[in-house]
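Hi,

Here is the structure I promised to pass on to you. Please have it open while you read, as my notes follow below.

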Amino acid sequence: MRLVWLCLLLMVVASPLTAFSQEQVQPACEGSEKECAAKALKDHVVTRVDFWRDALVKPILDRMGAAPPKLVEYLNLDNIKNGFPNKPRAANLTPEFRRDVHNAIAEIPFEVRQLLSRKLAGIYFVEDLGGTGYTNEVVDDGAKAVAGFIVLDMSVLAKQTANAWATWKENTPFKAQPGIRLVAEIETKQQNNRKNAIQYILLHEMGHVISINDKFHPSWKLDASEIPSSADYPWLWSSWVVSPEGNRFVTHYDRDFAQRKDVVYYLGAKLPADQMIAAYDNLEQTNFATLYSVTNPFDDFAEAFASYVHTVLMKKPFEIRIYRDDKLAKLYKSCWTEKRCLQKRRMLERLFN
């Protein structure tokens, strides 16, 4: 096994994404110039498929590396536009980190890598992104979305184990309160490592890429008001509807899921911790795979995709345990053997078939 890992590591190190010049590119705007940044982002070269032609013909395992300068420029402009103070820069990938990323991708089922082969422009690493992951569409000359690229922050991932990361993530919607705690488990103790944290995060982002130009949901760049009710998106309509005001998506379950509108990940908790159990009780009355799925139609699919591949195809654990005064008060598991998720399971099965 050590010899195999060494060979794989040498393949990654010997196959850099040489199509991109590594000279540094300075953003065209200063930090306060949001309007300038928005203008510079429009039709930026990294959103065009021509920029990624060489990457798209490489084997999947070779479509990874430090972010090329033009992508770094794009990310900085995007942060300026959205008012984020972070200034992304290309990551300096260590051999150990490259090995973990390579093995994380190599262990993902063949069916997934096959679906990605024509859509994944690559997985690129930066530092100071302002979040764990970022995925965006790539369009052809007719402005049709045909592919996508993934960006991950190496500085966030470098110190994470799978269960520690999952526990942190699943706690972010809730304000801490004494005597109540949530623990997430997505790996066994033997497999609770950085490589598998990277793998689960990648599965979510890969779900976004695979959904591009498919019949799961519309482009995340479109407003809800731009989506006609006759649009052919079976996944979308199985859980979501455009609000009466026409300006946002709401779920079929909002009447009975009081916490749903206040489920916010990463950007500031809105729910007190004593609402954890009620939130997961209500989740079990829906067809959503995870609590994160209820935030929007696009993460609904990406979360379900990651959960299905992880638990069904890879046969790995997924448990949310909520403790009150150190006693187990709620256990939430993957929904893929339950009737409530059967319709979405069948859609995923058809995708892989």
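Helices α9 and α12 cross in the right-handed sense. This is a predicted model, so please read everything here as computed from it. The two axes, for α9 (residues 194–211) and α12 (residues 297–313), come within 8 Å of each other and cross at roughly 125°. The pair is therefore oblique. On the α9 side, the residues that meet α12 are Y200, L203, H204, M206, G207, H208, I210 and S211. Their counterparts in α12 are F298, D299, F301, A302, E303, F305, A306, S307, V309 and H310. Sorted by class, this contact has ten nonpolar, six polar and two charged residues.

There is another helix crossing to look at, between α2 (residues 34–41) and α4 (residues 69–82). Here the axes come within 8 Å and cross at roughly 140°, which makes α2 oblique to α4. The handedness of this crossing is left-handed. From α2, the contact uses K34, A37, A38, A40 and L41, while α4 brings Y74, L77, D78, I80 and K81. Seven of the residues in this contact are nonpolar and three are charged, with no polar ones.

Now to the sheet. Three strands make up an open sheet with antiparallel pairing, in the order β7-β11-β12. Its edge strands are β7 and β12 (327–333), each of which pairs on one side only. From one strand to the next, the twist averages 20°. Six bridges join β7 to β11 in the antiparallel sense. Among the facing residues, R181 has Y323 in β11 as its bridge partner, and E185 stands opposite E319 of β11.

Helix α8 (residues 162–171) deserves a look of its own. How many of its ten residues are buried? Seven are, so the helix counts as mostly covered. The buried ones are A162, N163, W165, A166, T167, K169 and E170. The elements that cover them include the strands β6 (174–175), β7 (180–185) and β11 (319–324), as well as the helices α9, α11 (276–283) and α12.

Finally, a word on backbone angles. Most residues other than glycine have a negative phi. K315 is not a glycine, yet its phi is positive, about 55°. This residue sits in the loop between α12 and β11 and is exposed, with a relative accessible area of 69%. D326 also has a positive phi, near 65°, and is likewise a residue other than glycine. Its place is in the loop between β11 and β12. Is D326 buried or exposed? It is exposed, at a relative accessible area of 60%.

Best wishes

Note on methods:
Residues are numbered from 1 along each chain as its sequence is written. This is a predicted model: local features need pLDDT of at least 70, side-chain atom pairs count only at pLDDT 80 or more; totals for chains, interfaces and linings use all residues. Side-chain values use heavy atoms; hydrogens and water are left out. Axes are lines fitted to C-alpha atoms, for helices over the stretch in contact, and angles run from 0 to 180 degrees between N-to-C directions. Helices (H or I, at least four residues) and strands (E, at least two) are DSSP runs, numbered from the N terminus. Angles under 35 degrees count as roughly parallel, over 145 as roughly antiparallel, 65 to 115 as roughly perpendicular and the rest as oblique. A crossing is left-handed if the near helix is turned anticlockwise from the far one by less than a right angle, and right-handed if clockwise. Contact means heavy atoms within 4.5 Å. Ala, Val, Leu, Ile, Met, Phe, Trp, Tyr, Cys and Pro count as nonpolar, Asp, Glu, Lys and Arg as charged, and the others, Gly among them, as polar. Buried means under 20% relative accessible area, exposed over 50%, partly exposed in between (1.4 Å probe, protein chains only). Two strands pair if DSSP finds at least two bridges between them.
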